[in-house]
Amino acid sequence: MKNSVLLAMSFMLVGIACFELIPEQLLRIFTAEPAVLEIGVQAFHIIGISFLPAVPSLILPVFSRPSGGAAQRPALLTRQIFCLIPVFWLFSRIDLAYTWLAFPIAEVVTGTLGLCFYLHRIHIWDRCKGAAPKPERKGATAMKLITAIVNRRDTSEVCAALTDAGFYFTRMASTGGFLTGGNSTLLIGTEEDRVPQAIAIIRQNCSRRTEKISSNVQLATPSAAYPTEVTVGGATLFVSDVTQFEKI
């Protein structure tokens with residue numbers, strides 16, 4: 001995260017320098033209209049200062065998505081719909097020169113929201129890390145490997161709940177079963193005393209449901225395919241003994 005922010009800000013500094021030092025030269029690439037140049041130069045000076053706060057407003061909300069959170073969509077909606085457009089419209093009622101302030105304001109608000117989600121996620125991880133049992137000795141530690149086959153409709157909820165509880169897992173797309181439907185296979189490595197907690201989380205977030213499918217059974221007399229009800233969902237779990245070794 002630190003490297004991503006630093007790299008993005010280094011690029012943004014180049015953009016700020018261009019918008020603040022040579023705005024007219026940039027605009028002349030596209031137009032030579034005096035009125036457009038006059039408005040554009042003023043706009044570039046204000047929009048340019050929004051480049052730095054744009055880094056956390058874009059990176060931090062996206063960070064929470066693969067880490068099990070759901071902050072990306074509301075944060076981006078805040079930036080575009082709930083902040084940028086209303087502020088732009090409000091300032092346009094005053095004067096055109098003020099409308100460009102909507103860009104830095106939207107970036108600062110969204111970046112602050114993303115930072116709150118980021119710090120909340122780090123707090124959850126630190127809390128789970130502190131609660132995790134420490135091995136009594138160095139070297140190999142007895143572990144359990146949970147192989148969970150989860151229906152694709154329940155995968156997002158299960159992964160988010162496992163992440164919030166501090167479990168580490170590998171997610172793989174898989175296909176199988178009577179309907180050859182899409183599933184996700186989760187490989188969860190954890191201590192033996194945390195296995196019941198992981199199973200409880202999976203059970204809580206996996207629901208069984210009834211779906212209708214078209215039957216392909218061939219009857220003695222030709223007839224149209226008729227719907228058949230089958231039960232899908234839930235999860236299939238395998239728990240096996242493994243050994244975790246220290247990385248070298």
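I take buried to mean under 20% relative accessible area, exposed over 50%, and partly exposed in between. The model I am reading is predicted.

**Entry: Trp 100 and Phe 88**

I looked up Trp 100 first. Its relative accessibility is 16%, so Trp 100 counts as buried. Phe 88 comes out at 30%, which makes Phe 88 partly exposed.

I then counted the aromatic pairs and got four. Phe 88 and Trp 100 make one of them, edge-to-face, with 6.1 Å centre to centre and 80° between the planes. Phe 88 belongs to helix H5 (residues 72–92), while Trp 100 is in the loop between helix H6 (96–99) and H7, so this pair ties together parts that are 12 residues apart in sequence.

What does Phe 88 form with Phe 103? I find an aromatic pair, edge-to-face, at 6.2 Å centre to centre and with 85° between the planes. Phe 103 lies in helix H7 and Phe 88 in helix H5, so the pair ties together parts 15 residues apart in sequence. Phe 103 has 26% relative accessibility and counts as partly exposed.

I also noted a cluster: ring pairs link Phe 19, Phe 44 and Phe 51.

**Entry: Pro 23**

Pro 23 lies in helix H2 (residues 23–27). Buried or exposed? Pro 23 is buried, at a relative accessible area of 6%. Leaving out residues up to four places away in sequence, I list Cys 18, Val 41, Phe 44 and His 45 as its contacts. Pro 23 and Phe 44 are 21 residues apart along the chain, yet 6.2 Å separates their C-alpha atoms.

**Entry: Glu 107**

I moved on to helix H7 (residues 102–131), where Glu 107 is found. Glu 107 has 7% relative accessibility, so I log this residue as buried. Which residues does Glu 107 touch, not counting those up to four places away in sequence? I find Ser 50, Pro 53, Ala 54, Ser 57 and Arg 79.

**Entry: helix H9**

I sorted the residues of helix H9 (residues 195–205) by burial. Val 195, Ala 198, Ile 201 and Ile 202 are the buried ones. Looking down the axis of H9, I see these buried residues fall within an arc of 130°, so they line one face of the helix. An α-helix has 3.6 residues a turn, so residues three or four places apart point the same way. On the face of H9 turned away from the buried side I find the exposed residues Pro 196, Arg 203 and Gln 204.

**Entry: Arg 194**

The charged end of Arg 194 sits over the ring of Phe 167, 4.1 Å from the ring centre.

Definitions and conventions
Residues are numbered from 1 along each chain as its sequence is written. This is a predicted model: local features need pLDDT of at least 70, side-chain atom pairs count only at pLDDT 80 or more; totals for chains, interfaces and linings use all residues. Side-chain values use heavy atoms; hydrogens and water are left out. Buried means under 20% relative accessible area, exposed over 50%, partly exposed in between (1.4 Å probe, protein chains only). Helices (H or I, at least four residues) and strands (E, at least two) are DSSP runs, numbered from the N terminus. The arc is that of the directions from the helix axis to the C-beta atoms. Contact means heavy atoms within 4.5 Å. Rings of Phe, Tyr and Trp (its six-membered ring) pair if their centres lie within 6.5 Å; planes under 30 degrees apart count as stacked, over 60 as edge-to-face and the rest as tilted. A charge sits over a ring if NZ of Lys or CZ of Arg is within 6 Å of the ring centre and within 35 degrees of the ring normal.
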